Amino acid sequence: MRKILVITLLLHAVFCFSCKKTEFSPEGPTDVRIRNISGTELVNVSVKIKEEEISFGNIGINETTRYQRFETAFPKAYISAEVNDESLNTGPVDFTYMNYLGQNKITYDVSVENKMIVIKNVTFDSPL
């Protein structure tokens, strides 16, 4: 009986220590996609969060892109695009005091207002 207990404890220890740790942290990663809620096509859309920049391509009216993974994400991001042959963006973003969006899949609802790109809403789609 004692041998069975020792073997069981050893197997339990082996299984516990052989598990891989995930590559996640409380800050991220975060899967981000863009939904175009403006009345015009967005061309060459690019999202920059801190030093990480990813291209999302062209987004038609009322279309949503596929998810792209960022190491971290925030309620705001620097988004640039061409609209009617004019380069527009959200303007500079200061991430200093923003809260991380964490390990989630999120959608930025983006519109064009007064010759600027505006993030109207951030939707939490699901956890990673």
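Reader: What should I know before I start?

Author: This is a predicted model, in which local features need pLDDT of at least 70 and side-chain atom pairs count only at pLDDT 80 or more, while totals for chains, interfaces and linings use all residues. Residues are numbered from 1 along each chain as its sequence is written, and side-chain values use heavy atoms, with hydrogens and water left out.

Reader: Let's begin with the sheet. In what order do the 4 strands of the open sheet stand?

Author: Here is the general idea: strands of a sheet pair through backbone hydrogen bonds, either parallel or antiparallel. Strands are DSSP runs of E with at least two residues, helices are runs of H or I with at least four, and both are numbered from the N terminus. Two strands count as paired if DSSP finds at least two bridges between them. In this model, the order is 4-1-7-8, with mixed pairing. Strand 4 and strand 8 (116-127) stand at the edges with a single partner strand each, so one side of each has no neighbour in the sheet. On average, neighbouring strands of this sheet are turned by 35 degrees against each other, direction ignored; the axes behind such angles are lines fitted to C-alpha atoms (for helices over the stretch in contact), and angles run from 0 to 180 degrees between N-to-C directions.

Reader: How many bridges join strand 7 to strand 8?

Author: Strand 7 (residues 104-113) and strand 8 run antiparallel and are joined by 10 bridges. Within this pair, Thr107 has Thr123 of strand 8 as its bridge partner. Strand 1 (residues 30-36) also pairs in the antiparallel sense with strand 4, over 3 bridges, and there Asp31 stands opposite Arg69.

Reader: What happens at the turn between strand 7 and strand 8?

Author: That hairpin has 2 residues between the strands, and Asn114 takes a positive phi near 50 degrees. Lys115 has a positive phi too, about 60 degrees, although it is not a glycine. Lys115 is exposed, with a relative accessible area of 58%; exposed means over 50%, buried under 20%, and partly exposed in between (1.4 Å probe, protein chains only).

Reader: Now for the inside. Which residues have the most contacts inside the largest nonpolar core?

Author: In soluble globular proteins, nonpolar side chains tend to be buried together. A nonpolar core here is a set of buried Ala, Val, Leu, Ile, Met, Phe, Trp, Tyr and Cys residues joined through side-chain atoms within 4.5 Å. The largest one has 24 residues, and those with the most contacts inside it are Ile34, Val47, Ile49, Phe56, Ile79 and Tyr108. Strand 2 (42-49) is one of the elements that give two or more residues to this core, and strand 2 gives the most, with 4 residues.

Reader: Is Thr65 buried or exposed?

Author: Thr65 counts as buried, at 13% relative accessibility. Thr65 sits in the loop between strand 3 (52-59) and strand 4 (68-70). Leaving out residues up to four places away in sequence, Thr65 touches Arg33, Ile34, Phe56 and Ile59, where contact means heavy atoms within 4.5 Å. Asn62 lies in the loop between strand 3 and strand 4, but Asn62 counts as exposed at 63% relative accessibility.

Reader: Where is the cis peptide bond that has an omega of about 10 degrees?

Author: That bond joins Gly28 and Pro29. Pro29 lies in the loop between helix 1 (2-18) and strand 1.
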